[in-house]
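Thanks for sending this one over. Here are my notes, point by point, to read with the model open beside you.

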Amino acid sequence: MAKVRITQTRSTIKRTQRQKRTIEALGLGKIRKSVEKELNPQVKGMINAVQHLVEVKEL
């Protein structure tokens with residue numbers, strides 16, 4: 001599996017509760033915070049759900 005770096009680029013203010021929980025599940029929560037994750041189907045689905053709030057780079 002490939003690794004990706006996920007960086008939160010936008011705020012979760014005025015977002016749905018589901019999107020806020022997805023950001024927390026990814027290990028984010030503050031703008032410019034980054035995490036590295038293995039790209040599996042679950043993580044890929046979470047990224048797709050909040051793609052307008054995050055930036056993704058393959059490592």
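1. Leaving out residues up to four places away in sequence, Gln-19 touches Ala-49, Val-50 and His-52, where contact means heavy atoms within 4.5 Å. Gln-19 sits in helix 1, residues 17-25. With a relative accessibility of 19%, Gln-19 counts as buried; the classes are buried under 20% relative accessible area, exposed over 50% and partly exposed in between, with a 1.4 Å probe and protein chains only.

2. A word on the ground rules. This is a predicted model, in which local features need pLDDT of at least 70 and side-chain atom pairs count only at pLDDT 80 or more, while totals for chains, interfaces and linings use all residues. Residues are numbered from 1 along each chain as its sequence is written, and side-chain values use heavy atoms, with hydrogens and water left out.

3. How do the elements run from the N terminus on? The order is β-α-β-α-β, with 2 helices and 3 strands in the protein chain. Helices (H or I, at least four residues) and strands (E, at least two) are DSSP runs, numbered from the N terminus.

4. On overall dimensions, the C-alpha trace spans about 35 × 20 × 15 Å along its principal axes. The radius of gyration is 10 Å, which agrees with the value near 10 Å for a compact globule of 59 residues; it is taken over C-alpha atoms, and the globule rule is 2.2 Å times the number of residues to the power 0.38. Of contacts between residues at least 6 apart in sequence, 70% join residues at least 24 apart.

5. Which residues make up the largest nonpolar core? There are 11 in all: Val-4, Ile-6, Ile-23, Leu-26, Leu-28, Val-35, Val-43, Ile-47, Val-50, Leu-53 and Val-54. Strand 1 (3-8) and helix 2 (41-49) each supply at least two residues of this core. Such a core is a set of buried Ala, Val, Leu, Ile, Met, Phe, Trp, Tyr and Cys residues joined through side-chain atoms within 4.5 Å. Buried residues make up 27% of the 59 in the chain.

6. Two residues deserve a look for their partners beyond four places in sequence. Val-4 is in contact with Val-35, Glu-36, Lys-37, Leu-39, Ile-47, Val-56, Lys-57, Glu-58 and Leu-59. Thr-7 lies in strand 1 and is buried at 13% relative accessibility; its contacts include Arg-32, Ser-34 and Val-54.

7. Now the loops. Gly-29 is placed between helix 1 and strand 2 (34-38), and touches Gln-8 and Ile-23, not counting residues up to four places away. Gln-51, in the loop between helix 2 and strand 3 (54-58), is exposed, with a relative accessible area of 52%.

8. Please check two backbone angles. Most residues other than glycine have a negative phi. Lys-14, in the loop between strand 1 and helix 1, has a positive phi of about 65 degrees and counts as exposed at 81% relative accessibility. Arg-32, in the loop between helix 1 and strand 2, has a phi near 75 degrees and is exposed, with a relative accessible area of 61%.

9. Last, charge. The chain has 14 positive and 5 negative side chains, and the centres of the two sets lie 10 Å apart. Lys and Arg count as positive and Asp and Glu as negative, with His and the chain ends not counted; each charge is placed at NZ of Lys, CZ of Arg, CG of Asp or CD of Glu.
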